[in-house]
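Student: Could you take me through the nonpolar packing of this protein, inside and out? I would like one connected account, please.

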Amino acid sequence: MAIPRQLPNAITIARIPLAVLSLVLLLLGGMLGEADLTLRWIAAIIFVVGMSTDWVDGYLARRHDIVSDFGKLWDPIADKFLTGAGFIGLAILDEVWWWMVVVILIREWGITVHRLMIANEHVVAAAWMGKIKTVVQAIALSWALLPFWLLIGVQAFSIISLILMSIAVILTILSGIDYIVAQVRGARAAR
């Protein structure tokens with residue numbers, strides 16, 4: 001069964017408004033406090049659904065042989081909107097250290113700006129290490145957004161969150177280094 005050629009790209013772009021909606025609901029829920037966790041749950045579910053679409057759009061594009069330069073460029077950008085909104089929201093609520101968020105955002109948006117600057121020359125698709133980094137960030141953020149402290153207690157929840165966020169930061173740095181090395185090698189080979 002054929003699907004519309006633009007469906008994977010539409011799914012990719014849909015992650016951007018989902019990021020905004022998730023962030024707004026997270027912050028509104030944070031302002032209301034522990035008494036009403038409904039907005040927190042909704043924000044977390046929107047984030048999880050949004051990150052799940054990352055797999056869906058790529059699968060559809062590859063399965064139906066409709067991979068596009070637009071998708072290669074915008075898929076990681078949409079991911080960065082969604083994860084960036086999650087990290088910023090958690091930092092505003094003082095649930096993640098700001099220095100971690102700053103390190104992640106500098107790497108994420110620095111590489112995104114670079115990708116956009118060279119998009120006229122060629123499109124840089126996400127490398128395997130970048131994909132692993134995105135999965136780990138998604139897991140860390142999903143864990144931190146969902147109010148699992150109600151089930152396991154605040155201390156255990158905080159320890160697991162710290163471990164997951166630390167792994168996400170380390171992989172973010174390593175994948176950034178991997179990207180830079182690959183770009184330098186590619187530039188040398190082009191000469």
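Tutor: Gladly! A nonpolar core here is a set of buried Ala, Val, Leu, Ile, Met, Phe, Trp, Tyr and Cys residues joined through side-chain atoms within 4.5 Å. Buried means under 20% relative accessible area, exposed over 50%, and partly exposed in between, with a 1.4 Å probe and protein chains only. This is a predicted model, in which local features need pLDDT of at least 70 and side-chain atom pairs count only at pLDDT 80 or more, while totals for chains, interfaces and linings use all residues. Residues are numbered from 1 along each chain as its sequence is written, and side-chain values use heavy atoms, leaving out hydrogens and water.

Let's begin inside. The largest nonpolar core has 35 residues, and L90 and M165 touch the most other members. At least two residues of this core come from each of α1 (7-32), α2 (38-63), α3 (69-92), α4 (98-117), α5 (128-145) and α7 (154-190); helices are DSSP runs of H or I, at least four residues, numbered from the N terminus. α5 gives the largest share, 7 residues. Setting aside neighbours within four places in sequence, M165 is in contact (heavy atoms within 4.5 Å) with F87, L90, V96, M100, A140, L141 and A144. Another core, of 5 residues, lies apart from the largest one and includes I11, L60, A61 and I66.

Now for the aromatic rings. Rings of Phe, Tyr and Trp (its six-membered ring) pair if their centres lie within 6.5 Å; planes under 30 degrees apart count as stacked, over 60 as edge-to-face and the rest as tilted. By this rule there are 7 aromatic pairs. One of them joins W143 and F148, tilted, at 4.9 Å centre to centre with 40° between the planes. W143 counts as buried because its relative accessibility is 18%, whereas F148, at 22%, is partly exposed. W149 and F157 pair edge-to-face, at 5.2 Å centre to centre and 75° between the planes, and both are buried. W143, F148, W149 and F157 form one aromatic cluster.

Finally, the surface. W41, I45, V49, L150, L151, I152 and I160 make a nonpolar patch of about 650 Å². Such a patch takes residues with over 30% relative accessible area and no salt bridge, its nonpolar side chains (Val, Leu, Ile, Met, Phe, Trp, Tyr) being joined within 5 Å; a salt bridge is a side-chain nitrogen of Lys or Arg within 4 Å of a carboxyl oxygen of Asp or Glu. α2 and α6 (149-152) are the elements giving two or more residues to the patch. L150 sits in helix α6 and counts as exposed because its relative accessibility is 51%.

Conventions: Patch = residues over 30% accessible without salt bridge, like charges linked within 9 Å, V, L, I, M, F, W, Y side chains within 5 Å. Areas by Shrake-Rupley, 256 points an atom, 1.4 Å probe, with all protein chains shown as cover.
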